[in-house]
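Student: Could you walk me through this structure, starting with how the chains meet and then moving on to the fold?
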Amino acid sequence: MTTFLRQLTSLTTHFIRVELANLERLLSPILFSTTILILFFFAFSPMDQEVFVKVYIAQTFLSMFFALQIGFARIFEPDDQDDAFTLLRTYKPIPEAWFLSKYIVITLFGVLVISSTMGLSIFFNQSINISVASWSVFLVAILALLGIAALGLLLSAMMLKADAKQILYPLLYFPLTTPVLLAAVQCSQEILINNMSLSELLSSWLGLLLVFDAIYIILSTLLFGELVKSE
Amino acid sequence: MSPGELLHLSGPNGSGKTTFLKIIAGLIAPDKGSISFHDTHYEYLDSESNGHYLKISAASNLRFWGKLKQHHLSNQQLDDELLTWGLSNPYISQKLAVENFSTGMKRKLALARVSLSSEKIWLLDEPILGLDEKSLNLFSKKLAKHLNQGGCAVVISHDLSPIRDSITRTLTFES
């Protein structure tokens with residue numbers, strides 16, 4: 001096994017073990033998204049069916065976005081508690097293996113948050129005679145997650161070294177994730193309202209989403225090494 | 001530095017000993033000058049933290065750091081090291097999260113990691129903080145063994161008793 005794969009396996013297994021030991025970190029984003037969904041449900045019910053799909057998309061992505069943000073902002077919390085992050089830097093793992101292992105863990109975490117949010121959203125809105133359960137929308141949400149997770153991970157690593165972390169994170173995170181979210185919301189609308197397929201959306205909003213995913217994943221992979229390398 | 005050498009960094013608080021050690025460890029870039037290594041692998045221990053993942057067990061921590069350095073630790077090696085440091089109780093080593101350890105136990109676990117690493121260079125900043133008398137003697141023996149086996153170490157310690165016999169050179173910092 002190459003050094004890269006060996007380190008990737010060790011780091012990923014370890015980070016998953018650490019996350020499983022910190023289950024409350026998963027629970028709080030899910031509870032947050034549940035609260036938002038309940039608030040939306042009571043605020044908008046009974047709802048005009050014409051606006052239902054739009055509200056469904058807005059509430060789902062809004063809950064998901066903020067729930068993920070809560071999770072991402074804490075991704076380095078276990079590494080920071082006893083300064084294991086610094087020790088890890090002295091061990092000089094291959095930066096790409098380090099990034100990818102964290103990225104895999106954060107993506108798995110995000111998939112759990114997305115699945116529960118969408119599941120709850122469908123559950124709360126099942127009384128309305130419009131089907132919103134769509135694998136295509138789920139796939140769009142996962143694609144949005146891939147871009148947001150890469151960016152969230154990069155910014156979280158950046159914040160470990162920054163002095164003004166409380167201000168800097170939202171200042172960078174929110175504007176940079178906007179294109180991904182807009183593309184994901186537009187894709188979902190086209191799928192649910194206009195019954196468009198993913199292949200039809202490839203030349204428009206879905207294409208834009210994939211481009212931003214690629215940019216953020218490549219950028220984060222390259223810059224993460226610069227942030228964590230020893231001098 | 002040559003094999004068997006122990007460089008002791010001494011000086012008053014705030015004189016730059018820790019900064020110097022961090023520069024050697026590659027955690028801070030020097031303003032000028034450079035440091036060259038024959039062997040870039042080393043084991044570092046910070047004065048204010050131990051580098052543990054607090055929510056998992058002592059054994060899981062040691063296994064992780066070992067795997068990352070490609071030191072395939074057998075269960076026997078792990079058990080022996082934990083036994084040496086008085087952390088061998090299965091509940092303490094396998095089940096209890098490190099966050100529940102006392103300050104001294106956390107330090108002992110960090111020293112167990114250093115000892116298991118088999119790296120030639122040890123960079124230790126106040127390694128004996130929080131250790132009891134028995135552990136001080138143990139650390140002293142471990143350090144002497146490491147130096148006898150051709151390793152070397154750079155140590156910052158205000159308490160000289162456990163390292164005095166091993167010191168080969170002292171670098172004194174002025175405030």
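Tutor: Contact here means heavy atoms within 4.5 Å. This is a predicted model, and in it 25 residues of chain B are in contact with 26 residues of chain A.

Student: What area is buried between chain B and chain A?
Tutor: About 2500 Å² is buried between the two chains, and carbon and sulfur atoms give 63% of that. On the chain B side, B:Y53, B:K55 and B:L68 lose the most area to chain A, together 27% of what that side buries.

Student: Which side chains meet in a salt bridge?
Tutor: Those of A:E24 and B:K55 do, at 3.9 Å from N to O, and the rule finds one salt bridge across this interface. The count of residue pairs in polar contact between chain B and chain A is seven.

Student: Where does the largest share of chain B's side come from?
Tutor: It comes from α2(B), with five residues. By class, the side of chain B that touches chain A has twelve nonpolar, eight polar and five charged residues.

Student: Switching to the fold, what is the strand order in the sheet of chain B?
Tutor: The open sheet has five strands in the order β2-β3-β4-β1-β5, with parallel pairing. In chain B, β2 and β5 stand at the edges with a single partner strand each, so one side of each is left without a neighbour in the sheet. The twist averages 15° from one strand to the next.

Student: How many bridges join β1 and β5 of chain B?
Tutor: These strands pair in the parallel sense over four bridges, and B:S10 has B:T172 in β5(B) as its bridge partner.

Student: And which strands does α5 of chain B lie across?
Tutor: Helix α5(B), residues 103-117, lies across β2 and β3 of chain B, running at about 170° to β2(B).

Note on methods:
Residues numbered from 1 in each chain as written. Chains lettered and ligands numbered in written order. Predicted model: local features only at pLDDT ≥ 70, side-chain atom pairs only at ≥ 80, totals over all residues. Heavy atoms only, no water. Buried area = accessible area lost by both parts, 1.4 Å probe. Salt bridge = Lys/Arg side-chain N within 4 Å of Asp/Glu carboxyl O. Polar contact = N/O pair within 3.5 Å; in protein donor to acceptor, adjacent residues only side chain to side chain. Helix = DSSP H or I, 4+ residues; strand = E, 2+ residues; numbered from the N terminus. Nonpolar A, V, L, I, M, F, W, Y, C, P; charged D, E, K, R; others polar. Pairing = 2+ DSSP bridges. Axes fitted to C-alpha atoms, helices over the stretch in contact; angles between N-to-C directions.
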